[in-house]
Amino acid sequence: MNGQYKALWLNKDENLVVLDQRLLPFEKKEVIITNTQECIDAIKDMTVRGAGVIGNTAAFGVYLASKEAGFDIEKLKILSNKIRESRPTAVNLMWAVDRMVAVATTCSKETMCAVLKQEAINITDEEVIATQKIATYGADEFEKIVEKKGKSKEDTINILTHCNAGWLAIVDLGSALAPIYELQKRGRKVHVWVDETRPRNQGANLTAWELSQDNVPHTVIADNTGGYLMQQGMVDICITGADRVSRNGDVANKIGTYLKALSAKDNDIPFFVALPTSTFDFEIYDGVKDIPIETRSEDEVKFIRGIDKKGEIQELQIVQSVSNAINYGFDITPARLVSGLITQRGITKADLKSIEKEFSDLL
Ligand code: MRU
């Protein structure tokens, strides 16, 4: 991975450009976001998704909103709050909006535009550095783990991941995929088991696409396959990203993550979670009880998207209309199932004491 991939950027008109992640891997289309409503729509309809990129989009959204608000702080607060409420689980969204609004309150009308643009760029740049550090800490740890298992430097490291936590989700290396890119850069042989991640298939559509861009060997598996692979010794390490991690180390991530963590525990396979510090919610002490979980439309379960033989994107119904469906976007993996939290500061145990000690300056 050489950092050539960007999930979002400003164009010459100072509007935000994002990739339409709903169409990947079949079509690569750029979408231009020029105002508050377009920012909200892009987050809600998942044109952009993934905790980090949602936060970045929201930060630039607040910058765009400031123009709409005529640089009036009270009007800006109202627009920002609408952006803040566009999705409920990934805390990077609220974190980024709050940071932007806090900075806006220190500005005059004359300086607000330039200051907010720079703050959104700063948020994004800080995340790029965080992912580079996650890459190094994670790869160091994974090399130690497989060495302990008796694997040689020539052996393939088999890593299982769920959903998409690559550069489409966190600029510019991703969180869970960052150590994988780093291992490959170090000349290690890596193979990734990619959970398809129903119902929206972020693994099959986005992670597989990302990995293929960088020639990382990978195999897409149906979501139910991971447990069997772990039992058969075909997985060395599991790693996922996170949408919100509570003060006690519970992890909210894409629905299905918890089941993989349970299988990993039963098979004595390390289960890591990678995140920038902006994904912590230190106000929540019990993630299982208190992290809000998004419920999305049942249509995401009842319909599936793909391309037909002519290469055209189509949507097919796979559940009869009369049946109900329920679509929780995320689940919570309790801290006790997490082997370590990989952040830009290193690897921290997933428990209250360790988190409070490592991140005392952020509490
Ligand atoms: O609903 P999504 O696609 O936004 O969910 C994304 C995930 O759950 C990712 O795994 C998560 O954001 C971690 S990587 C930043």
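**Note on a predicted model**

1. Lysine 149 is partly exposed: its relative accessible area is 47%. The cut-offs explain the label, because buried means under 20% and exposed means over 50%. Bear in mind that this is a predicted model.

2. Where does lysine 149 sit? Look in the loop between α5 and β4 (156–161). Which residues does lysine 149 touch, once neighbours within four places in sequence are left aside? The contacts are Val235 and Asp236. Valine 338 is another matter: the C-alpha atoms of lysine 149 and valine 338 are separated by 19 Å. Along the chain, these two are 189 residues apart.

3. The largest nonpolar core has 72 residues. Ile83, Leu116, Phe142 and Ile239 have the most contacts inside it. Helix α5 (residues 112–148) supplies the largest share of this core, 11 residues. Why does the core lie between domain 1 (8–124) and domain 2 (134–362)? Because both domains give residues to it.

4. Isoleucine 239 deserves a look of its own. Residues up to four places away in sequence are not counted here. Its contacts include Phe142, Ile159, Leu160, Thr161 and His162. Isoleucine 239 also touches Ala176, Pro179, Ile180, Phe272, Ala274 and Ile342.

5. Turn to helix α9 (residues 257–266). Which of its residues are buried? They are Thr257, Lys260, Ala261, Ser263 and Ala264. These residues cover an arc of only 160° around the axis, so they sit on the same side of α9. Just after α9 comes aspartate 268, with a positive phi of about 60°.

6. Last, the ligand. How many residues are around it? There are 19, and Arg49, Arg87, Gln202, Asp243 and Lys254 come nearest. For glutamine 202, a polar side-chain atom lies 2.9 Å from an oxygen atom of the ligand. For aspartate 243, a polar side-chain atom is 2.8 Å from a ligand oxygen atom. For lysine 254, an N or O atom in the side chain is 2.7 Å from an oxygen atom of the ligand.

Notes:
Residues are numbered from 1 along each chain as its sequence is written. This is a predicted model: local features need pLDDT of at least 70, side-chain atom pairs count only at pLDDT 80 or more; totals for chains, interfaces and linings use all residues. Side-chain values use heavy atoms; hydrogens and water are left out. A nonpolar core is a set of buried Ala, Val, Leu, Ile, Met, Phe, Trp, Tyr and Cys residues joined through side-chain atoms within 4.5 Å. Buried means under 20% relative accessible area, exposed over 50%, partly exposed in between (1.4 Å probe, protein chains only). Helices (H or I, at least four residues) and strands (E, at least two) are DSSP runs, numbered from the N terminus. Domain bounds come from an automatic or database domain assignment. Contact means heavy atoms within 4.5 Å. The arc is that of the directions from the helix axis to the C-beta atoms. A residue is near a molecule or strand if one of its heavy atoms lies within 4 Å of it. A polar contact is a pair of N or O atoms within 3.5 Å; within protein, one must be able to donate a hydrogen and the other to accept it, and residues adjacent in sequence count only if both atoms are side-chain atoms.
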